[in-house]
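Subject: Structure handover and notes

Dear colleague,

I am passing on the structure we spoke about, and below it you will find my notes on what came out of the analysis. Please read them with the coordinates open beside you.

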Amino acid sequence: MKRGSILSLIVTILVLSTLLLVTTPPTLLSTMSTLNGVRVIWGPTPIMEGEAKGPGDLTIMNEYYAVAFGISTLPPWGIPRGHIVDLAPIGEKTADVLAQFSFPLNDWANWATIDLEKGFMVIDETPQRAIVIAIGKWRDLLVNYTYIFESGKPYFTVIVNVTNTGTVTYKNHIMGPAITFEVGWTFVPGYGTGRIVTSPRDPYGIIDDWVVGYHEDFVVGLYVPGYTHISLHTFFVDPFYNVTLEPGEWRVFSSYIIVLSTGDVCRVAEIVAQLRSEGIGVVKGHVYTTRGDLVERGVVIFEKENKPYCWGVVSKGIYETHVPAPAIYSIHATARAHGPSSKETIAVDPGETVEVNFTDVVTPGRVVIEVYRSDTKKLTDAVILVSSPYVPPVMYLAVTTAYTDPVKIGIAEIDLAPGNYNVSVGWAPGFLSKWVNLSFTLSSGEVKSFTVTVDVLFMPSTRGWYMADLHHHADYMDGKTPPPYVATAQSAFGLDYVFLSDHDYVGNCEATRKYAEARNKTFICSVEISPEWAHFNVYPIIYPEKLVYRGTLREIITAARSAGALVVRANHPYIGGLFIAQEQNTIPGGYYEDWDVAEINGPWGIDDNRTLMKMMSLWSMGIRKYLTAGSDVHDVWVTPRSGFPRVVAYIPEGPTIEGLARAELTGRTFITYGPFVFTDPLPGSIIGIKDISENIIVNVELYAVEGLSRLEVWSQSRVVYTVSLNGTSQRLTLTFPAEKLVDRNRGFGWLILIVYDARGNRAITNPIWVDLNTVLKTETLTFTIMTTTTITTTLTVETTTTVRETITTTELRTITQTTTITTTETTTRTLTEKITETSPVPTTVLTPDYTLTGVIGIVVFIIGLVAGLLFKRK
């Protein structure tokens, strides 16, 4: 066919398509049961809740799954275009379950950039098969991707060929498939779920080459033959290889993604066994409770080598599970909040059917807890940790963490399996109070009620100090916490603000705001801007349409300021963050200094110590940027540590957004994992001195509900003073010769305090500055915030800070800082929505629609076929 004829055909098809679109509204079916074969769709994906909504995006579907590539749509976390961003099983309760699937070339955040114009295409497009090929480059590594989608198979194949085209050896690179889920949990046979930082798999007892993401209604398996390393969290799993490539050397990696619309994890093991040409056996039977009732919904768990291997689904008391054979399994049945049945050991041979019935699954009891604060005598949000006699490997069945109800504040109703329990109840535990412990025995069908009063030991707010967790996720992308529980959890951990920062998304802000205001908490809408080279929380967001999520550092920060951000936070600077990007020279457009604060992120680690040392070096150069903190919690049930660590800010006018921003920008803050340290002068203050021979005096008040351990004073990146502590509170007056703190050549110095409690948790102040021969000046910071709520008031807060300055005239001056704040307040704080969930079970989603009307589908198919012909002719 001549090119002119082809173009004419394309124009005709496009005209017909337009007419059809005008006359026939697109209809998406709730199930693909009528679909036979493979279908290719260009444009916005029909996957329910999918992110690939761009005109150039690509969706591939067969009878079992739908997969979408982000071509126009930008994948998350800085992953380049051309990778998979959506995946959904075909079934009655299906929606997008995937955040991304990619192939990092040296652990996370190192991906090939795909040539979308010349190196991404669909070939061999037929109802029986479609093949997507892509070509990318990372440094000197040429990466060829091949995705094979076939009719009648519940999996697709991914083949990646990596070639070293350079002259340098790439040694011990950790590369391989990486998959992240938007809903559910991960599971690794032999290990379960949890956190593994990238490392060899051998020490973790892993007993097969497949991994899964799952929930009650889906399983996505990833089979990676012979993988050597693993990186794991509850929402992602990356089976990697340790690879060395000499110049000119290449290596091929094959993996299989298995997609099921059932929660049967053993089905993944069965398919993998078939791919390996191994045998299959069947185990089936009935499952009853001790009362003689059929278990409506549960699982039968299969163990190998005394480790969890897989599980089959129980529906209306019946199960039939296909498993690799020959093998010896230990199996038992259970259900949510039920006690497990007795275990049975069975041998399964290929082709054999073994029947095992269970009659002793134990029905639950219920615990009702009301939680009060001792200071207010009112019901309060609380976190509840459950030490259970049995924790199943199936996370949606486990009850290990609970919270009081988002609407019925202070009340929790928890169904538990019968047994002996130790339960810890807390409001601001480890910070303002101690855990309250309950021990009890619960019987089947029993209801136990408890009233708990949390003894509040002290309140920083009475001194003008307020607390915030400035890095927290809801349920977008890799987050697993619905907005009601974002507010509930942050309140339960004693925070004065509710703060939300999803990846590249502000859509959860309004839902979260409602629950924050119901608790009289100040809400801050933030966003975690997440390019591949660094992440930034910026707040507050007033005009989200002005944000830029990808670009140079200057472009991102400038856009954030336009969107209303007063503070730009450098998140986890040494884990895919600003500092490591700066040191490796990977910042697009180069370094730009208009960021404000650097984050201490989550539980204290080596990277946080590096961040602290880096900030000390900046302080010694006179760069007056400050520390901030955030928990980076994604799932408040799996990681119940909202506000660990947190920022404690001096805001004399009360917990306003503008006050918090001002405190962060001026260093009037400290970060803490538990202890509190109040200094006079405040952090961020400047002590002016005339001569290096003078003494510096700092008054300190320390508090720690877990007991004080020691205090360190740091200056010029070294410890200049340390003292042992005891008790829960202590006052000190510290005196230092200025010559220990001040760099004579630069004419200034600084000091910070680090205090530890008896559990090793720390608090770190921001610097108190010491300036030689300096006359302090009045500084005015003016913030204007405009929002769209009902009543606008202008609030001017004037605070007076007295600083003793010894200068040549030895005069004492009073410095007045005036801050003008324009803020908008809503006088109505009424919550009417009813929330009933008290566990990490996602909200029920609507049935998705996947298929275009038949006529439009045929037209789209013809367009794809013609495009394929054009590709073949080039």
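A nonpolar core, as the term is used here, is a set of buried Ala, Val, Leu, Ile, Met, Phe, Trp, Tyr and Cys residues joined through side-chain atoms within 4.5 Å. Please keep in mind throughout that this is a predicted model.

With that definition, the largest nonpolar core has 71 residues, of which Phe536, Val538, Trp595, Leu660 and Ile752 touch the most other members. The largest share of this core, five residues, is supplied by helix α7. Phenylalanine 536, leaving aside neighbours within four places in sequence, is in contact with Val527, Glu528, Ile529, Leu553, Val568, Arg569, Ala570, Asn571 and Leu578. There is also a second, separate core, which has 63 residues and includes Ala382, Val399, Phe450 and Val755.

Helix α7 itself covers residues 606-620, and since 15 residues at 1.5 Å a residue should span 21 Å, the distance of 21 Å between its end C-alpha atoms agrees with expectation. Its buried residues are Asp607, Asp608, Thr611, Leu612, Lys614, Met615, Met616, Leu618, Trp619 and Ser620, and the helix is followed by glycine 622, whose phi is positive, near 85°. Helix α2 (residues 266-275) is largely enclosed by the rest of the structure, because seven of its 10 residues are buried; these are Cys266, Val268, Ala269, Glu270, Ile271, Val272 and Ala273. Just after α2, serine 277 likewise has a positive phi, in this case of about 60°.

Not counting residues up to four places away in sequence, glycine 630 touches Asp469, Leu470, His471, Arg569, Glu599, Ile600, Asn601, Gly602 and Pro645. One of these contacts is asparagine 601, which is 29 residues from glycine 630 in sequence, with 5.3 Å between the two C-alpha atoms.

Turning to the strands, β31, β28 and β34 form an open sheet in the order β31-β28-β34, with mixed pairing. Its edge strands, each pairing on one side only, are β31 (411-416) and β34 (447-454), and neighbouring strands of the sheet are turned by 20° against each other on average, direction ignored. Strand β28 (residues 365-373) runs antiparallel to β31 and is joined to it by six bridges, with valine 368 standing opposite glutamate 413 in β31.

Elsewhere, strand β17 (residues 229-232) has His229 and Ser231 pointing one way and Ile230 and Leu232 the other, and all of them are buried. Strand β14 (residues 196-200) is joined to β17 by three bridges in an antiparallel arrangement, where serine 199 has isoleucine 230 as its bridge partner. β17 also pairs with strand β18 (residues 236-245), again in the antiparallel sense, over four bridges, and here the partner of isoleucine 230 is proline 239 in β18. β17 and β18 make up a hairpin with three residues between them.

In the pair formed by glutamate 446 and lysine 448, the closest N and O atoms are 3.1 Å apart, and both residues are partly exposed, glutamate 446 with a relative accessible area of 26% and lysine 448 with 22%. Glutamate 739 forms a salt bridge with arginine 744, with 3.8 Å between the closest N and O atoms, and arginine 744 is exposed, with a relative accessible area of 56%. Salt bridges with shared partners also join Asp208, Arg276 and Glu278 into one network.

With kind regards

Methods: Residues are numbered from 1 along each chain as its sequence is written. This is a predicted model: local features need pLDDT of at least 70, side-chain atom pairs count only at pLDDT 80 or more; totals for chains, interfaces and linings use all residues. Side-chain values use heavy atoms; hydrogens and water are left out. Two strands pair if DSSP finds at least two bridges between them. Helices (H or I, at least four residues) and strands (E, at least two) are DSSP runs, numbered from the N terminus. Axes are lines fitted to C-alpha atoms, for helices over the stretch in contact, and angles run from 0 to 180 degrees between N-to-C directions. A salt bridge is a side-chain nitrogen of Lys or Arg within 4 Å of a carboxyl oxygen of Asp or Glu. Buried means under 20% relative accessible area, exposed over 50%, partly exposed in between (1.4 Å probe, protein chains only). Contact means heavy atoms within 4.5 Å. The expected span of a helix is 1.5 Å times one less than its number of residues.
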